[in-house]
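The sequence and the structure come before the text.

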Amino acid sequence: MNIFSYHQASDAASAITLKQAGPTTKYLGGGTNLVDLMRETVEEPETLIDVTHLASSIEQCADGSLIIGAGVKNTALAAHGAVRTQFPVLSRAILTGASAQIRNVATVGGNILQRTRCRYFYDNAAHCNKREPLSGCDAVKGFNRYHAILGASESCVATHPSDMCVAMVALDAVVHLHGPAGKRSLPLRDLHRLPGDTPEIETTLHPDELITSVEIPALPFAKKSTYRKVRDRASYAFALVSVAAALDLDGDGNVNDVRLALGGVAHKPWRAMRAEAHLKGQKADAEHFQAAAEAELAEAVGLRDNAFKIELTKRTIVAVLEELKGEKA
Ligand code: SF4
């Protein structure tokens with residue numbers, strides 16, 4: 001690990017000013033990913049700006065929406081009463097991630113900006129376009145069980161590792177940002193990028209922008225929502241495939257509205273818009289659930305070790321929808 005200096009920012013404006021001071025300066029959340037990357041010399045920032053304490057509250061608004069400070073710990077968010085009762089998909093997603101010890105330290109902002117766990121990205125002896133642009137990608141023909149089946153490119157087949165973000169994308173979360181040019185907001189689903197020819201560019205953040213909070217809009221039917229994560233062991237493992245879903249049925253058993261997002265399948269949390277479009281207005285039955293899953297995975301491409309994830313994703317979508325259909329509103 002390189003030698004670095006550490007600053008604790010007193011507010012967002014001073015954090016941004018400090019960040020602009022050096023090209024290798026990084027914001028520091030809980031450090032549960034960044035410190036690993038520094039130990040492996042994948043990241044070598046000269047300065048870290050601690051932003052964990054700048055926004056660490058959860059505000060429940062009168063309309064039912066939530067404003068979650070970027071410094072809120074994952075544990076606190078999962079345990080919050082409004083999250084558990086109004087947005088159970090979010091609480092459940094967070095509790096499937098990492099370990100209790102890591103969730104106690106990891107922040108919302110850091111969770112969003114964590115980097116892929118592709119093993120070649122962490123191995124300086126491997127070819128990795130994300131770590132070193134135009135150097136190649138050893139995962140394409142290497143060990144790629146955990147890699148992408150949707151939206152990948154020849155340059156990179158990595159996946160985004162977050163569970164929390166999958167639930168947030170399903171819930172139409174909005175990210176609030178503060179940067180040198182002022183404040184702005186954007187949907188979380190537009191924050192992470194697909195790899196294309198530039199997998200080293202992972203987000204649409206402008207230089208030195210800081211995530212200050214995440215807004216979860218009110219969604220009454222999210223009371224009936226859940227998260228299912230399929231993985232190689234029962235805890236402390238990243239998703240092979242995950243599904244976040246909320247389902248709203250009318251009195252005749254038709255789909256009024258639905259939210260679906262997938263994890264473990266793409267370079268970004270994957271909002272399943274095709275599946276949602278197939279489901280709306282249709283009978284909530286096995287035939288339509290299957291058709292929606294088929295539509296979403298129509299362009300999926302498997303690699304040597306992960307082609308099974310295409311069928312696994314379809315089956316997980318159907319299983320989650322069947323589970324929600326069986327729940328009382
Ligand atoms: Fe690097 Fe992406 Fe290839 Fe992994 S999949 S080795 S992160 S370029």
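The buried residues of helix α1 pack against β2 (25–28), β3 (47–50), β6 (174–179) and β8 (210–216), where contact means heavy atoms within 4.5 Å. This is a predicted model, in which local features need pLDDT of at least 70 and side-chain atom pairs count only at pLDDT 80 or more, while totals for chains, interfaces and linings use all residues. Residues are numbered from 1 along each chain as its sequence is written, and side-chain values use heavy atoms, with hydrogens and water left out.

Helix α1 spans residues 12–20, and Ala12, Ala15, Ile16 and Lys19 are buried in it. Buried means under 20% relative accessible area, exposed over 50% and partly exposed in between, with a 1.4 Å probe and protein chains only. Helices (H or I, at least four residues) and strands (E, at least two) are DSSP runs, numbered from the N terminus. Seen down the axis of α1, the buried residues fall within an arc of 95 degrees, so they line one face of the helix. The arc is taken from the directions from the helix axis to the C-beta atoms. An α-helix has 3.6 residues a turn, so residues three or four places apart point the same way.

Strands β6 and β8 also belong to an open sheet of five strands, ordered β4-β5-β8-β6-β7 with antiparallel pairing. Two strands pair if DSSP finds at least two bridges between them. β4 (58–60) and β7 (182–187) stand at the edges with a single partner strand each, so one side of each has no neighbour in the sheet. β4 pairs with β5 (residues 66–69) in the antiparallel sense over three bridges; Glu59 has Ile67 in β5 as its bridge partner.

Arg271 lies in strand β12 (residues 270–271). At 11% relative accessibility, Arg271 counts as buried. Its side chain makes a polar contact of 2.6 Å with that of Asp172; such a contact is a pair of N or O atoms within 3.5 Å, and within protein one must be able to donate a hydrogen and the other to accept it, while residues adjacent in sequence count only if both atoms are side-chain atoms.

Rings of Phe, Tyr and Trp (its six-membered ring) pair if their centres lie within 6.5 Å; planes under 30 degrees apart count as stacked, over 60 as edge-to-face and the rest as tilted. The count comes to two aromatic pairs.

| Pair | Centre to centre | Angle between planes | Type |
|---|---|---|---|
| Phe121 and Tyr122 | 5.4 Å | 90 degrees | edge-to-face |
| Phe143 and Tyr146 | 6.5 Å | 50 degrees | tilted |
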